[in-house]
Amino acid sequence: MTTFIIRRLLQLIPVLLGVTVLVFSLMHLTPGNPAVIMAGESAPEATVRAIEARLGLNDPLHIQYFNFLSNALQLDFGVSIRDNIPVFDHIRPRFFITMELAIYGTIFAVVFGLLVGIVSAARQYSFSDVALMVVALFGLSMPNFWLGLMLIQWFAIELRWFAPTGWGDPNQIALPVIALGTAGAAIIARMTRSSMLDVLSQDYIRTARAKGVKERIVIFRHALKNALIPVVTVIGLQFGYFLGGSILTESVFAINGLGRLIIDSILQRDFPVVQGAILVISVSFVIVNLVVDISYRFLNKRVDLN
Amino acid sequence: MSENILDIKDLRTSFFVEGNEIKAVDGVTFQVPKGKTLGIVGESGSGKSISALSVLQLIDDPGKIVGGSIRFKDEELTTAKTSRMRNIRGNEISMIFQEPMTSLNPVYTIGQQLREAYKIHQGLGKKEGTKRSIEMLELVGIPSPEKRVDQYPYELSGGMRQRVMIAMALACKPELLIADEPTTALDVTIQAQILELIKNLQEEIGMSVVMITHDLGVVAETCDYVAVMYCGKVVEFADVETLFENPRHPYTVGLLSSLPRHDIDQDELVPIKGNVPAPDEMPSGCRFAPRCPHASAICSELPELETQEDGNDVRCWIYTEQWDGEKGVKVYDNETTS
Amino acid sequence: MAVVSKESVLETKPVNPRVKSMKDFYKRLKKNKSALVGFYVLLFFFFVSIFGAIDANYGITGVSSNATNLTAKLQGPSAEYWFGTDHLGRDIFIRILHGMYITLGVGFAATFLAGLVGVPLGIISGYFGGWVDTVIMRLMDILLAFPGILLALAIVSVLGGSTINVTIAIAIGAVPQFARIVRGSTLTTKKLEYVDAIRALGAKNGKIIFQHILPNIMSPIIVNTTLFIATAILSAAGLSFLGLGVQPPTPEWGAMLNDGRNYMYQASHITFFPGMMIVIIVLAFNLFGDGLRDALDPKMKK
């Protein structure tokens with residue numbers, strides 16, 4: 001187990017390096033000179049040159065990358081072109097908002113996904129199974145930004161139950177969480193169902209029934225614990241995707257998270273901010289995946305080792 | 001109270017797949033005398049496991065018991081309530097399965113799984129349940145049971161797991177144990193130990209046993225009576241001596257001839273020709289007719305399971321008045337070719 | 001939850017995920033009603049989108065998708081405007097019709113491109129193993145480190161928003177998914193005994209890959225292609241919705257949603273209809289893909 005964790009950590013190094021190279025080069029391939037954007041279109045040549053020198057834009061590329069990397073390791077992503085505020089200061093408060101959104105979204109997806117999946121599997125081919133799976137398929141097929149718009153339309157504009165935009169108050173949180181979490185709930189529901197059906201056909205379930213165990217206990221005690229093992233991976237992945245998927249949700253609900261920061265910064269050509277924010281999201285995603293991988297391995301130990 | 005603990009009559013269990021009915025068990029009749037061991041023998045797909053699962057009503061969708069009766073201690077089980085069935089399972093009738101490697105729940109310890117039986121049927125708490133579990137593990141010959149109760153199935157070998165399965169099945173001292181190929185998945189040396197164990201415990205508890213197997217060696221060693229199944233039907237039911245000495249049904253004869261024997265000098269084994277028919281190609285008459293060396297015109301009709309003068313049953317036209325084939329056909333020669 | 005004891009009669013059916021014949025495949029697909037519904041819906045939309053594409057360029061209906069009519073702006077659905085009009089008085093039904101080929105086209109093209117790169121990478125990685133495998137898979141891991149739409153977003157922000165750039169961006173994001181799935185199936189197939197036998201007979205790698213590996217891994221490729229088109233359509237719409245994808249006034253559905261969001265208080269139908277169409281098409285692909293999986297891989301079916 002320890003060797004496994006160490007190996008996974010070592011594997012992480014080239015991936016993280018690759019991510020930084022990719023992010024770095026993407027921003028350098030982007031048309032437009034950052035110095036010109038910072039100084040303004042009509043700024044004198046000398047000002048532009050001075051900014052270029054300050055940003056190190058005249059250094060060879062590999063030196064620039066090395067500086068970028070060593071700064072990034074110290075959480076220094078440079079300063080915003082727009083307002084000269086350190087990128088990290090832009091990112092930090094928004095990172096927590098996005099995290100919050102992703103965590104609530106995951107909780108929503110897990111609660112509903114598991115519930116639907118278990119009910120469906122316990123009553124395979126029944127009316128409720130078919131109906132729930134149809135709903136899940138719809139959930140899976142819906143663009144989360146459109147669902148968000150529709151939720152605003154119904155519950156904020158027409159019924160006035162919730163606030164249409166923003167983040168923080170309880171009445172602002174519900175709609176974005178539903179919009180973000182629905183697709184994940186659908187995926188978890190489908191996964192739970194098929195995993196449960198798989199487990200329910202195992203020999204040890206028959207053993208439990210032969211022992212005289214009640215059907216309810218067969219499902220919740222004997223089957224569920226086994227069925228959840230593969231579902232854990234999906235839940236972890238969902239959390240990761242929510243970090244990325246929140247870009248659209250944040251845009252729809254005007255939430256000041258990382259996603260909205262990225263979009264605004266792209267539109268304003270504020271490269272250092274885009275760079276920093278994308279880097280933060282992908283590194284968090286990679287770490288989440290690592291944790292999921294290790295916990296899956298841990299859960300699966302008893303099952304797989306034979 | 002009859003002398004048979006289990007009396008199955010004309011049991012029919014079918015699977016309904018894509019609108020077709022597949023008759024896995026097609027009119028099975030047999031009895032298990034109290035305190036005795038009945039062997040059920042047959043090839044894969046003959047319906048022996050499905051018959052056993054039907055007794056405990058453990059047939060899942062798309063399978064269903066469609067007819068017949070199962071009487072356990074004069075109580076009809078096919079119409080019994082779910083709650084009554086739950087009470088019987090693991091308490092009055094227990095079952096052990098073929099695959100010890102997959103029959104234990106991988107995420108619970110041995111102790112947790114054993115304790116559950118005591119909790120369900122005897123309402124024992126954790127402490128008392130653990131104590132009894134350890135006693136039971138000791139009884140089935142598991143060394144240092146107080147350590148084993150806290151281990152997970154993956155930490156045990158196949159033979160050990162089957163012992164745990166047996167301990168679990170016998171926890172509540174059932175009156176009937178159904179063992180579904182309990183030794184098939186185990187090494188030969190372990191096989192003998194497990195059979196010995198079941199036999200000893202049977203005497204200790206005084207229970208009856210249904211031993212499902214495709215291994216005639218196991219039958220010879222452990223059983224008092226034998227039901228031979230072919231394609232969902234019992235073709236011969238006899239006490240174990242008669243079956244080996246004087247088998248009547250050509251299928252039984254075939255099974256015995258295809259077995260290597262130590263008591264007589266044998267030049268070659270005689271396999272049964274052909275294959276078990278597919279469910280959709282099942283002959284309407286005698287199921288074995290296409291493979292039977294003696295088949296005659298009348299075999300296109302289905303023979304009944306009829307009792308012979310020695311009290312044993314056989315489902316074959318040869319032993320009836322209507323037989324139209326070769327007279328006095330000698331189906332089995334105990335002193336075969338040397 | 002069928003009783004699957006070792007001798008269950010249900011197990012007599014052969015289990016072979018390989019596409020044996022189109023007839024056999026169609027027979028199995030036909031049994032899956034929901035997959036057939038998905039298939040017919042897709043077929044219908046396919047022809048509609050061809051009609052829409054022709055109409056958009058040659059004007060059969062005589063209505064342009066970009067014809068503004070400010071006197072009839074923000075109108076609800078009516079006999080004249082089936083799906084209503086937008087803030088510039090453009091006919092939303094016509095715009096959806098004319099934009100359909102863009103949605104389907106981007107979905108198909110991005111998936112095709114991703115498969116074109118991802119499938120060979122996966123086969124090479126799985127078949128040859130060793131350091132080739134390590135290098136390819138680490139590269140794929142790097143691309144996979146950007147969750148969801150993020151990679152496509154970053155690429156589009158460099159390339160600029162246009163239909164082609166959106167397609168490329170989504171394709172790049174999908175390459176690792178194809179590579180991973182194909183690698184897995186290749187590994188399983190490679191381990192089959194008969195592949196060893198063929199290699200022992202001296203068959204060349206190319207021959208083994210094309211004649212023995214590829215036919216065996218077609219099922220997962222086909223299934224994932226279908227399901228990925230659904231995801232690609234969602235991603236493309238998302239990028240356009242953010243204003244970074246296909247640019248207005250092209251009647252791309254995501255871009256139309258972006259237009260409509262500012263008028264939600266007055267005219268909710270502007271956002272409703274394009275989104276509904278996305279749901280229907282994506283749903284059809286998902287239905288069809290699920291059905292394909294069941295039909296191509298009997299192991300998955302209970």
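Reply: Among the contacts in chain A that join residues at least 6 apart in sequence, 72% link residues at least 24 apart, where two residues count as being in contact if their C-beta atoms, placed from the backbone, lie within 7 Å. What you see is a predicted model, in which local features need pLDDT of at least 70 and side-chain atom pairs count only at pLDDT 80 or more, whereas totals for chains, interfaces and linings use all residues. Residues are numbered from 1 along each chain as its sequence is written, and chains are lettered from A and ligands numbered from 1 in the order in which they are written.

The secondary structure of chain A amounts to twelve helices and zero strands, with helices (H or I, at least four residues) and strands (E, at least two) taken as DSSP runs numbered from the N terminus. Read from the N terminus on, the elements of chain A therefore follow the order α-α-α-α-α-α-α-α-α-α-α-α. The C-alpha trace of chain A spans about 85 × 55 × 25 Å along its principal axes. Of the 306 residues in chain A, 47% are buried, a residue being buried if 20 or more other C-beta atoms, placed from the backbone, lie within 10 Å of its own, exposed if 12 or fewer do, and partly exposed in between.

Over residues 95-292 of chain A the model is 84% helix and 0% strand, and the end C-alpha atoms lie 21 Å apart. The feature "transmembrane region", also from an unreviewed UniProt entry, is placed at residues 12-30, 101-122, 134-157, 173-192, 227-253 and 273-292 of chain A. Two of these spans can be followed in the model. Residues 134-157 of chain A are 92% helix and 0% strand, with the end C-alpha atoms 28 Å apart, and residues 173-192 of chain A are 100% helix and 0% strand, with the end C-alpha atoms 26 Å apart.

Chain C is one partner of this chain: 40 residues of chain A are in contact with 37 residues of chain C. On the side of chain C that touches chain A, helix 4 (130-144), helix 5 (150-159), helix 8 (205-241) and helix 10 (269-296) of chain C each supply at least two residues. Helix 10 of chain C gives the largest share of that side, with eight residues. Sorted by class, the side of chain C that touches chain A has 26 nonpolar, seven polar and four charged residues, where Ala, Val, Leu, Ile, Met, Phe, Trp, Tyr, Cys and Pro count as nonpolar, Asp, Glu, Lys and Arg as charged, and the others, Gly among them, as polar.

In chain B, eight strands form an open sheet in the order 6-7-8-3-9-10-12-11, with mixed pairing; two strands pair if DSSP finds at least two bridges between them. Strand 8 (residues 208-213) of chain B is largely enclosed by the rest of the structure, because six of its six residues are buried.

Note on methods. UniProt positions renumbered as here; feature names shortened; annotations may be inferred.
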